[in-house]
Amino acid sequence: MAEQSKRLHPLKIPFEMWNVLKKEFFLIILLYVLNFGTEKVYMIVLQLIYLLYFVWKVISLTLNWFTYTYHIKEGNIQIKSGLISKSYRTVPLHKIQNVQRRTTVLHKFFHLTSLTFETGMTGDQGSVLFEAISLKEAQRLETEFSSQEIPAVEEDHLEEESLKETGAEQTIHFTPTKRDVLKASFTSLSFLAIIPIVATIYKTLDDFFNLENAEGAVASFLNSWLTITIALIVLVGLAIGFGIISTYVKYGKYEISSDAKRVYIKKGVLDESAFSIQKEKVQAVEITQSLIKRMLGLAEVKLISAGSTGDEKLETNTLYPFLSVDRAHAIIEEILPSYKVERSMHPLSKQAFIVRMLRPSYIWIVVTVAIFIFKPAIWYISLILFVLIYTSRIIDYKNGRYLLHDEFIQFKSGSLETSLFITKRSKVIQIKVERSRLQKRFGLASIETINRSKPVHHTKLQDVSLEYADEFYTWYIDRTKNIQVE
């Protein structure tokens, strides 16, 4: 029996109006606060125009809410919208790649949430967003999705076998300890966010009390080493405290778990977000390390999937960004049993180093020409830029690694930030092998993999040996042994 059509919660209207007011906050302050009671004709006209716009916006949002209905029928989400120009949309549940749930403080207050189903389609049709629904309704929709049998268009047999061996129960792989939160607060440099806040407070006080003219008080303050020391200790303490609190709010309730079919990532104390992805939809894994993280032995793991991962700011597809390297590798193998991270990889050849040193830097050439034409006095900028560029190339060369291992391929590259990319042959939809004139002279080539994602994910490694490039090409051609198209 088909269910009746449903609407989103009526509070969607004030939620959207709140977002509009936030975006136009400064305009509203300018029109109605700073120019309150104005007699300027043009300002009165602007106030009336914005008021009419605001009324129209409320009516428009109300009509959009009223005409937007959805229901599930025969394994499809059917959506109808529009008053005069009606729109009909059907999304098969088995096409959904990822599920994302976000519960802001405002949602929590009214026991609501926001649910997004991401498909592998591009454009506006790529996602289905339920901006304001009850927690019970969100759970019902997720249950409807989970109950759908996913037709196997392209199967990876090794992964299928590993899923059969896994139990149906959900296993928690990681939750951050207090030590993890402390380490994350320093690694993320979130404590530095207090600097603009202090600057804003100082500017506000200066507007009221004219601190710059208080020469006597400032001079007296600066002449006291004890006062300066106490002030610095207080400022450092506030910065550290602010960093710990902001990090806890964002990462304090992080949880990575999985069951036989899906990986689940939950995060957030005030604004909560949850992300789930089918294991078979994971196209690749990427382990990144900034310079600070490399110094501390930490890493960030991202799951690259065929569907969109929602708002990039939420980092919903990231397995806790401050995992130790060993733990990061272990978690990948725990949640994706068919994946394996190999520590030993092949370095780039000496020929690759020579090519990277000989390859011209067009940025340096353009900047140098511009300096000597317009500002010869700062010639040293060209020298500094040259050193930075070629130092970066040397570091990138030393970090460059690659490995073909059975069904897997691994690339590692980067200078200040390194990236280790791991994917399976069955998940690669296209490859490229390219050779420049310089590479031909030294027997080298550049190889590239392309994986399904939104946008499509390209991973390139320059200056590998020609023998390895041939092996890479043959490896990809043999992919028919590992996939089955029905």
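Which residue takes a positive phi in the hairpin of strand 17 and strand 18? Gly 414 does, with a phi near 120°, and the hairpin has four residues between its strands. The model is predicted: local features need pLDDT of at least 70, side-chain atom pairs count only at pLDDT 80 or more, and totals for chains, interfaces and linings use all residues. Residues are numbered from 1 along each chain as its sequence is written, and side-chain values use heavy atoms, with hydrogens and water left out.

**The protein as a whole**

The secondary structure comes to 17 helices and 22 strands. Helices (H or I, at least four residues) and strands (E, at least two) are DSSP runs, numbered from the N terminus. Of the 486 residues, 41% count as buried; buried means under 20% relative accessible area, exposed over 50%, and partly exposed in between, with a 1.4 Å probe and protein chains only. Among contacts with a separation of 6 or more, 61% are between residues 24 or more positions apart, where contact means heavy atoms within 4.5 Å.

Strand 18 covers residues 418-424, and seven of its seven residues are buried, so the strand is largely enclosed by the rest of the structure. Thr 418, Leu 420, Ile 422 and Lys 424 lie on one side, with Ser 419, Phe 421 and Thr 423 on the other.

| Strand pair | Bridges | Direction |
|---|---|---|
| Strand 12 (residues 282-289) and strand 18 | six bridges | antiparallel |
| Strand 17 (residues 408-413) and strand 18 | six bridges | antiparallel |
| Strand 10 (residues 262-267) and strand 11 | six bridges | antiparallel |
| Strand 4 and strand 11 | six bridges | antiparallel |

Strand 11 (residues 272-278) is mostly covered, with five of its seven residues buried. Phe 275 in this strand is the bridge partner of Ile 265, and Gln 100 also stands opposite Phe 275. The hairpin of strand 10 and strand 11 has four residues between the strands, and in it Gly 268 takes a positive phi near 105°.

Arg 101 lies in strand 4, residues 96-103. Arg 101 counts as buried because its relative accessibility is 18%. Its side chain makes a polar contact of 2.6 Å with the side chain of Glu 142. A polar contact is a pair of N or O atoms within 3.5 Å; within protein, one must be able to donate a hydrogen and the other to accept it, and residues adjacent in sequence count only if both atoms are side-chain atoms. Leaving aside neighbours within four places in sequence, Arg 101 is in contact with residues including Leu 135, Glu 142, Glu 272 and Ser 273.

**Ile 450**

Ile 450 lies in strand 20, residues 444-451. Ile 450 is buried, with a relative accessible area of 5%. Val 428 is 22 residues away along the chain, yet the two C-alpha atoms are separated by 5.8 Å. Not counting residues up to four places away in sequence, Ile 450 touches Val 428, Ile 429 and His 457, among others.

Methods: Two strands pair if DSSP finds at least two bridges between them.
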